[in-house]
Amino acid sequence: MQLNFSGLRALVTGAGKGIGRDTVKALHASGAKVVAVSRTGDDLVSLSQECPGIEPVCVDLGSWEATEQALGSVGTVDLLVNNAAVSLSQPFLEVTKEAFDRSFNVNLRSVLQVSQIVVRGMIDRRAPGSIVNISSIAANVILPNLVTYSCTKGAMTVLTKAMAMELGPHKIRVNSVNPTVVPTAMSRIVWSDPEVAQKLKERHPLRKFAEVDDVVNSILFLLSDLSASTSGSSIFVDAGYLAS
C-alpha cells in the first residue's frame, strides 16, 4: 500500500518496540514527520538511527504529570497513534491494585490524555485529523489471565466511539485496530510456547497469528484519506478468530 504522508506530522506512542516501532518506520518512509514516544531511552536511540529526523520523546505515559510536561507543548500533530500498553498476566483472584492501576493508567488514561493534548491543537488550528487507537480482540473475547488487560481494551472500544462522536464535527476521525496475537515482546507469554501457540492458531480460521505488518497496514489505512468516511469503527486483524 503506497501512501504519502508528506507535509503531515504524526505522533506515535509505544514507539520503542513492536507495532509502534514499525508504525514509526512506515510513517517516516511515507514522508511524515514523526514524534516517537517511548519510556525506554535505548529504544528511541536505535529508532532515531534507523529513522533520521524523527523526534524522540522519552516519557512514562503512566504518569499524568510527566506526560503533560513532555507532550503539553508538542505542537502541530495531524495524525495520532495511541499504541502504548502493558499486558500484566494475573488470574482474576490475584489481580493487585498496582497491576490494575498501572494497566488502566497506561492502556486507557494515557489515550485520553494524549488525545486531549493533540485534539486541542487540531481544533485551535481548525485542521482535520485522524486518530487510531490500538486495541485487541481481548476487547471482545476473554483470554486467560488477562482480565485487567481485557477490561482496558473493552473500555477503549467505548472511548473510541465517544471520541468519534464528539470530534466528528471538527473533521477529526477516530478508529481502532484490534489485532489477535502478534509475535511481539509484549505477547511473548502466548506465542513462545509452541504447543500453546499451535492450539491457539488452530482456533483461527486462517490457522495463523497476525504479523506486525498486517497491523501496521491497517493503521496506515485508517490514518490516510483512503478511509475518509470511516470513524468510530474497528478493524479486526484477527485471522478470522471472532468468526470462529
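Why does Thr23 count as buried? Thr23 counts as buried because its relative accessibility is 0%; buried means under 20% relative accessible area, exposed over 50%, and partly exposed in between, with a 1.4 Å probe and protein chains only. Here are some notes to read beside the model.

1. **What you are looking at.** This is a predicted model, in which local features need pLDDT of at least 70, side-chain atom pairs count only at pLDDT 80 or more, and totals for chains, interfaces and linings use all residues. Residues are numbered from 1 along each chain as its sequence is written, and side-chain values use heavy atoms, with hydrogens and water left out.

2. **Thr23 and its neighbours.** Find Thr23 in helix H1, residues 18-29. Helices (H or I, at least four residues) and strands (E, at least two) are DSSP runs, numbered from the N terminus. Leaving aside residues up to four places away in sequence, Thr23 touches Val12, Val81, Val216 and Ile219; contact means heavy atoms within 4.5 Å.

3. **Strand E4 and its partners.** Strand E4 covers residues 79-82, with Leu79 and Val81 pointing one way, Leu80 and Asn82 the other way, and all of them buried. Strand E1 (residues 9-13) runs parallel to E4 and is joined to it by 3 bridges; two strands pair if DSSP finds at least two bridges between them. Across this pairing, Ala10 stands opposite Leu79. Strand E5 (residues 129-134) also runs parallel to E4, with 4 bridges joining them, and here Leu80 stands opposite Ile131. Between E4 and E5 the chain passes through helix H4 (residues 97-125), making a right-handed β-α-β crossover. Right-handed means that, with the strands pointing away from the viewer, the path from the first strand over the helix to the second runs clockwise.

4. **Helix H4 and what follows.** H4 has 29 residues and reaches 40 Å from its first C-alpha to its last, close to the 42 Å expected at 1.5 Å a residue. That expected span is 1.5 Å times one less than the number of residues in the helix. At Arg109, H4 bends by about 45°, where the bend is the angle between axes fitted to the seven residues ending there and the seven starting there. Now look at Arg126, in the loop between H4 and E5. Arg126 has a positive phi, near 55°, in a residue other than glycine, and Arg126 is exposed, with a relative accessible area of 80%.

5. **The nonpolar cores.** In soluble globular proteins, nonpolar side chains tend to be buried together. The largest nonpolar core in this model has 31 residues, and those with the most contacts inside it are Phe5, Val24, Leu27, Val177, Ile219 and Leu223. A nonpolar core is a set of buried Ala, Val, Leu, Ile, Met, Phe, Trp, Tyr and Cys residues joined through side-chain atoms within 4.5 Å. Elements that each supply at least two residues of this core include E1, H1, E4, E5 and helix H8 (212-223). H8 gives the most, with 7 residues. Leu27 touches Phe5, Ala10, Val12, Ala32, Val34, Leu79, Leu220 and Leu223, not counting residues up to four places away in sequence. A second, separate core has 26 residues, including Val37, Val57, Leu108 and Val114.

6. **Strand E6, well wrapped.** How many residues of E6 are buried? The count is 8 of the 8, so E6 is largely enclosed by the rest of the structure. Ile172, Val174, Ser176 and Asn178 point one way from E6, while Arg173, Asn175, Val177 and Pro179 point the other way. E6 pairs with E5 in the parallel sense over 6 bridges, with Arg173 in E6 as the bridge partner of Ser130. Strand E7 (residues 234-237) also runs parallel to E6, through 4 bridges, and Phe236 in E7 is the bridge partner of Asn178.

7. E5, H5 and E6 make a right-handed β-α-β unit. H5 (residues 147-167) has 21 residues and reaches 30 Å from its first C-alpha to its last, close to the 30 Å expected. Its buried residues include Tyr149, Met156, Leu159 and Met163, and what covers the buried residues of H5 includes H4, E5 and E6. In the loop between E5 and H5 you can find Asn145, which has a positive phi of about 65° although it is not a glycine. Asn145 is partly exposed, with a relative accessible area of 38%.
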